[in-house]
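Visitor: I would like to learn how to read a structure like this one. Please take me through it feature by feature.

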Amino acid sequence: MSNLVAPSLLAADFSNLAHEIERVEKAGADMLHLDIMDGVFVKNISFGLPVVKSIRKCTKLPFDVHLMIIDPIKYIDQFVDAGADSISFHYESCKNHMEVIDRIKSHGIKACMAVSPETSAEVLREFKDKLDMFLIMTVHPGFGGQKLVESTLDSIRTAHEISRETGFRVPIEVDGGINRETLKLVTDAGADIIVMGNAIFTSDDPKSMIDFLREGK
Ligand code: DX5
Ligand code: ZN
């Protein structure tokens, strides 16, 4: 099975978003990964609802919204209104996990839970029957352009095994530090959906990068 590819807009030229999105859409991206940071859950602020809403007009690509914000339940409805097709929230960002999952699913979109490198992928066990995806951060959330944290490869293997119990109905998404060198490590460990920021947006040939990611070699 080939991988799905989700370019992370965080690495795009923000002065020219429409053009940047068109470039990765034409290159064959499967979805667009949107990193939302609040400066509290992570030490960075990215972009928010008005940007998501306005770029919704530029593309037909599904929006894969990655919330790095505390108390995510407060903003689920608004991100759905802005155009989200899937929403990931962090396990570490709240206590009301089931309520957040139910709220996301009540809108008929995909619910995904994300874990930072220090959180065990075993948490998937409790939620596997409710989730549509499981996102393993392969770097510490907050910034693009970091080096992959090798210990997260074990987390991917663990999540892959747990996902197997659902008949692989819970695909494993990986995010951070993925490039031509680290791709094989994450796909061998069991990743299905590859998020990539810098390596796609700084590439002169995003199509060849996306083709490479899709083949998983
Ligand atoms: C980090 C973000 C990632 C990041 C990936 O907090 O969640 O999506 O933009 O960027 P690269 O591929 O450059 O590590
Ligand atoms: Zn992300």
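Guide: Start with one residue. Methionine 37 has 5% relative accessibility, so it counts as buried. Buried means under 20% relative accessible area, exposed means over 50%, and partly exposed lies in between, with a 1.4 Å probe and protein chains only. Methionine 37 belongs to strand β2.

Visitor: What should I know about the model and its numbering?

Guide: The model is predicted: local features need pLDDT of at least 70, side-chain atom pairs count only at pLDDT 80 or more, and totals for chains, interfaces and linings use all residues. Residues are numbered from 1 along each chain as its sequence is written, chains are lettered from A and ligands numbered from 1 in the order in which they are written, and side-chain values use heavy atoms, with hydrogens and water left out.

Visitor: Which residues is methionine 37 in contact with, leaving aside neighbours within four places in sequence?

Guide: Contact means heavy atoms within 4.5 Å. For methionine 37 the list includes Leu10, Val42, Met68, Gly142 and Phe143. Asparagine 96 is 59 residues away along the chain, and its C-alpha atom is separated from that of methionine 37 by 19 Å.

Visitor: How many strands does the open sheet have, and in what order?

Guide: Strands of a sheet pair through backbone hydrogen bonds, either parallel or antiparallel. Strands here are DSSP runs of E with at least two residues, helices are runs of H or I with at least four, and both are numbered from the N terminus. Two strands pair if DSSP finds at least two bridges between them. This open sheet has eight strands, ordered β1-β8-β7-β6-β5-β4-β3-β2, and the pairing is parallel. At the edges sit β1 (4–7) and β2 (32–37), each pairing on one side only. From one strand to the next, the twist averages 20 degrees.

Visitor: Which strands pair with β6?

Guide: Take β5 (residues 110–115): it pairs with β6 in the parallel sense over four bridges. Alanine 114 has leucine 135 of β6 as its bridge partner. Then take β7 (residues 172–175), which pairs with β6 (residues 133–137), also in the parallel sense and over four bridges. There, phenylalanine 134 has isoleucine 172 of β7 as its bridge partner.

Visitor: Why is β6 called largely enclosed?

Guide: Five of its five residues are buried, so the rest of the structure largely encloses β6. Both faces are covered, with Met133, Leu135 and Met137 buried on one side and Phe134 and Ile136 buried on the other.

Visitor: Which strands does helix α6 touch as it packs on the sheet?

Guide: Helix α6 (residues 152–164) touches β6 and β7, and its direction makes about 170 degrees with that of β6. Axes are lines fitted to C-alpha atoms, for helices over the stretch in contact, and angles run from 0 to 180 degrees between N-to-C directions. Length is another check. The expected span is 1.5 Å times one less than the number of residues. For the 13 residues of α6 that gives 18 Å, and the end C-alpha atoms are 18 Å apart, which agrees.

Visitor: What do the buried residues of α6 pack against?

Guide: They pack against α5 (124–127), β6, β7 and α7 (183–189). Serine 163 is one of the buried residues in α6. Its relative accessible area is 2%. Beyond neighbours within four places in sequence, serine 163 contacts Leu124, Phe168, Arg169, Val170 and Ile172.

Visitor: How many aromatic pairs does the structure hold?

Guide: Rings of Phe, Tyr and Trp (its six-membered ring) pair if their centres lie within 6.5 Å; planes under 30 degrees apart count as stacked, over 60 as edge-to-face and the rest as tilted. The structure holds one such pair. The rings of phenylalanine 14 and phenylalanine 47 have centres 5.7 Å apart and planes at 80 degrees, so the pair is edge-to-face. Phenylalanine 14 is in the loop between β1 and α1 (17–26), and phenylalanine 47 is in the loop between β2 and α2 (49–55), 33 residues apart. Phenylalanine 14 is partly exposed at 40% relative accessible area, whereas phenylalanine 47 is buried at 10%.

Visitor: Which arginine lies over the face of phenylalanine 63?

Guide: A charge sits over a ring if NZ of Lys or CZ of Arg is within 6 Å of the ring centre and within 35 degrees of the ring normal. Arginine 56 lies over phenylalanine 63, at 3.7 Å from the ring centre. Arginine 180 lies over the face of phenylalanine 212, at 4.6 Å from the ring centre.
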